[in-house]
Amino acid sequence: MTPPRRDAAAPHPDSGIRIRVRMRARPIDEPHRAASPLELLFDLTFVIAVAAVTAELAHEIAAGHGGAGVVPFLLVFFAIWWAWMNFTWFASSYDTDDVAYRLLTMVQMAGVLVLAAGVPAAADHDDFRGVTLGYFIMRTGLVTQWVRAGIEDPEGRRTAFRYAGGMAALQVGWILRQAAAETGALPPSAFVPVFLVLAALELAVPAWAERAAPTTWHPHHIAERYGLFTIILLGESVLAATRGVAGALEETEVSGPFLVIAVSGLVVLFALWWLYFLAPAGAGLRDRRHRSFPWGYGHYGIFASLAALGAGLEVAVEQTGHHAEASPTAICYAVAIPVGVFLGLLWLVHASIVARPPAHPGTVAGCVAAVLLVPLAAPQLGVAAVIAVIAVLCVLLTAVTIAFR
């Protein structure tokens, strides 16, 4: 059920900064709502965090430890994604763009940078102190924003205080988990289970808070914000592949496999971009607000797969210049698995908000199956040929989807 429109107490100061604006819920149907310059700046801090976690995963893949590197990658990426998502949905409902709002957003940006600095230690030594500290700084800024919303917006007070209380309580849980890990009270075997429990509780907070009264997030604004972050992650994949190109060129001249992998990787990224933006997410979220949770949460896998794809492409390109410990099959799967996960989850999130997803499920399933099978031929065909086939499959899926929409 769509909540009634709630008008903000004052118009959003798009034309200039205001010292103080009372924080009230912005209208659901606010016309011409778009991402603000502050939101775009906020996203740029995540470029650093994603680049750090992608580089660590690429290192593990190249060393032949891709399987072991996946778990730290997914854990750290959850913290990155969840911090970004919490801010994005809050801003869609309560962005005042006044001085206090900007300063608290800057605090969250600082937390992202601290988290990014802690990624290497977390990936290499299971030392999550830097990540935990960065997460604490981010959550401090966001909890303060929710408390402010609860004080200044009577209609949304219960919801805002639920968000603030839930986040604060779970932040205590994260700190206790880190303290227990440092003192030895938490055995290494329990680290991932405890993390999963806390992450599940984090995911439950919005559902619990929204029961009090739904927030007035703007569907087209949310769709745009997710689209922008998708583009950022595609750009991260390009950056990762560029690192691989630089590494390969340090060791050897440009070769045929080098060019094939570089061009095929770009084609894959372009095809995934094309497929992502085929569905009208803004209209779908407007008409099916009650489906926002599966749509929003499903993007964790979509975003993580794009980041992991960048790591796979980096290793694939770099191995043309020097020896990699990983086998050709493992390198190809480092590309194929993220592509398959992206395609499958993309269809699922589209299906949750639109009556007729752009791609037929059978076509998507067939493409995913082919993408996941072709790396088995890597010992015979070589890495370059397999990645070229994956690119062709992505292009065919895009072409078929466009032709039969």
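A word on the ground rules. This is a predicted model, so local features need pLDDT of at least 70 and side-chain atom pairs count only at pLDDT 80 or more, while totals for chains, interfaces and linings use all residues. Residues are numbered from 1 along each chain as its sequence is written, and side-chain values use heavy atoms, with hydrogens and water left out.

Let's start with the layout. Domain 1 covers 37–210 and domain 2 covers 219–404, with bounds that come from an automatic or database domain assignment. Their C-alpha centres are 25 Å apart.

Now the interface. On the domain 1 side, 32 residues are in contact with 31 residues of domain 2, contact being heavy atoms within 4.5 Å. About 2700 Å² is buried between the two domains, and carbon and sulfur atoms give 74% of that. Buried area here is the accessible area (1.4 Å probe) that two parts lose on being put together, summed over both.

What about charges? The rule finds 2 salt bridges across this interface, each a side-chain nitrogen of Lys or Arg within 4 Å of a carboxyl oxygen of Asp or Glu. Glu39 and Arg225 form a salt bridge, with their closest N and O atoms 3.5 Å apart.

Which helices supply at least two residues each to the side of domain 1 that touches domain 2? They are H1 (37–62), H2 (66–94) and H6 (191–210), where helices are DSSP runs (H or I, at least four residues) numbered from the N terminus. H1 gives the most, with 14 residues.

Let me stay with H1 for a moment. Just after H1, Gly64 has a positive phi of about 85 degrees.

Finally, the salt-bridge count comes to 13. Glu152 pairs with Arg20 at 2.7 Å, N to O. Glu152 sits in helix H4 (residues 129–152) and Arg20 in the segment before H1, so this pair ties together parts 132 residues apart in sequence. Thanks, everyone!
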